[in-house]
Amino acid sequence: MNGALQSAKSTLALEGTVDDTHVEQVDVLGNRKLTVLLDGGETKVGPNQIHIVFTGDWATACSFLSKGDNLSVSGFDVSVTQDIRKPFEALVTDLSRVVIKRERLIILTAEDVPTFDYGRDKTDTERERLPPRNNPAASGRAGVCLGANQYLKMGRYYDVIYGGKEEFTSKAQFVLSIISRRCKKSVLDLACGSGLYSFFLRYYDVKVTGVDASPALLKVAQEKLQFQLETEPSEKPAARFVAGEMSTLALTDAGKTKRSNGGEQEFELLEQFDCILCLDSLQLLPSVDRVQLALRRAWYHLEPSGILLVSIPNTYHPSTFTVGQEHRRHVVNNTGALTLSAARFDRGALDVIVRTQRLADEKRRVDFIGSALLCDSSRNEYFAAFEDSVEELLITPSVFEGMLDNEKFEVLHMYGDLEGSDYNARVSLVRYYVCPANDVRRSPPR
């Protein structure tokens, strides 16, 4: 029969570089299929692109795969058709073995897949060490694994979830008012995500540098920047987005150097900014030591008269002690929403269930389960479904304010939200701090 499928067990191994990935819903229960297009490389098997298909738990565990990753699969089934124009598919099964090479080697078998967490290095128990205070260029241990708390599965919907025009614009206007009152013209947006605040500030002629460790979110930010460069006047201030993790950040000021006190060593000066934003992100770092290190990195990158606007969850709010679940519907209507000006989707609705639970080690877990029907500007409809999760540190006010003091920050004001409300320990979900830097500069490296 023409087009009939034939299946055969393969003992071969496929290896090559990932060209592309896409996810499809395959049944009414929401089970999804991940299809990876693989460049066959030296295997010379089949056409130039080989389709490798992951289903069920395999699809969830391997959803972090992206273009450029090296992938090899052995012990797969082969699905072929009598139509020689169509490539065969390698079907990953319970007997398969998958090897991924990115920042580190990952080997997966079926028994690993249901509980696999790409972002967590379970063998790394060494406590983080802070670099010496007199060496701002020291980057510290880069112990944060690529993938941890980085919204890799929900990155393309990040603007839809967090960038709703009415709710986000009021927050961004308040941030802008803090910056404008102090005549700040350059901003470093740490953990900038898809660039929500960065693009809003750029619109109001603020020069912005965004830094984030998530490749999924940085990709969205770069696409939005390219869109704006093509459609907006060129007199807008420059913006750039840099891959980096905020607790190891060292942005050097090109061509600027200085000699140490003894004159025997020359070092590069770090780039400094009038204002640094670190909003809704410090809690995603893996340890309290990393939080302090991120504050130290921020201090080194701040002008002597600069300010830090930073937030941390309010550990006194009753919600941090309970298991919670909330359903949110995000309606996409891309008609003039600044933050969605380059979004992939023009209209539709995204439903997200957000579940929170407190963990034993002063952390809480937040799970996101989303599904939607979205339509792009060409009126193509897409079904979107994802599951993602993050773990957040729960740091008490006294501990966090002690960190700020240790890192030479003064607390000028604390707000309970980004609309100017005063902080209330029982009502506010987040603590927002406005912190000028102490004018006493740290010693240069010796």
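I began with the contacts of Thr315, taking contact as heavy atoms within 4.5 Å, and found that Thr315 touches Thr320, Phe321, Leu394, Ile395, Thr396, Pro397 and Arg431, with residues up to four places away in sequence not counted. Thr315 is found in the loop between β16 and β17, where helices (H or I, at least four residues) and strands (E, at least two) are DSSP runs numbered from the N terminus. I count Thr315 as buried because its relative accessible area is 7%; buried means under 20% relative accessible area, exposed over 50% and partly exposed in between, with a 1.4 Å probe and protein chains only.

Before going on I noted that this is a predicted model, in which local features need pLDDT of at least 70 and side-chain atom pairs count only at pLDDT 80 or more, while totals for chains, interfaces and linings use all residues. Residues are numbered from 1 along each chain as its sequence is written, and side-chain values use heavy atoms, with hydrogens and water left out.

Cys278 has Val310 in β16 as its bridge partner.

**Sheet β17 to β20**

Next I traced an open sheet of 4 strands, in the order β17-β18-β19-β20 and with antiparallel pairing. Since β17 and β20 (381-393) stand at the edges with a single partner strand each, one side of each is left without a neighbour in the sheet. Neighbouring strands here are turned by 15° against each other on average, direction ignored.

I took the pairs in turn. Strand β17 (residues 324-333) and strand β18 (residues 347-358) run antiparallel and are joined by 10 bridges, and Gln325 has Arg355 in β18 as its bridge partner. β18 pairs with strand β19 (residues 363-375) in the antiparallel sense over 12 bridges, and their hairpin has 4 residues between the strands, with Glu362 taking a positive phi near 55°. β19 and β20 pair over 13 bridges, again in the antiparallel sense, with Asp367 opposite Ser389 in β20.

I stopped at Leu374, which has its place in strand β19 and stands opposite Gly348. Leu374 counts as buried at 1% relative accessibility, and its C-alpha atom is separated by 7.6 Å from that of Leu350, 24 residues apart along the chain.

Helix α3 (residues 165-181) has 17 residues and reaches 24 Å from its first C-alpha to its last, close to the 24 Å expected at 1.5 Å a residue, where the expected span is 1.5 Å times one less than the number of residues. I listed its buried residues as Phe168, Ala172, Phe174, Val175, Leu176, Ile178 and Ile179. Just after α3, Cys183 takes a positive phi of about 55°.

What is the angle at which α3 and α4 pack? I found about 60° for α3 against helix α4 (residues 196-203), with the axes 10 Å apart. That makes α3 oblique to α4; angles under 35 degrees count as roughly parallel, over 145 as roughly antiparallel, 65 to 115 as roughly perpendicular and the rest as oblique. Among the residues making the contact are Phe168, Ala172 and Leu176 of α3 and Leu196 and Phe200 of α4.

Last, I checked α4 against helix α5 (residues 215-231): the axes come within 10 Å and cross at roughly 20°, and α4 and α5 are therefore roughly parallel to each other. The contact is made by Leu196, Phe199 and Arg202 of α4 and Ala221, Lys224, Leu225, Gln228 and Leu229 of α5.

Technical notes: Two strands pair if DSSP finds at least two bridges between them. Axes are lines fitted to C-alpha atoms, for helices over the stretch in contact, and angles run from 0 to 180 degrees between N-to-C directions.
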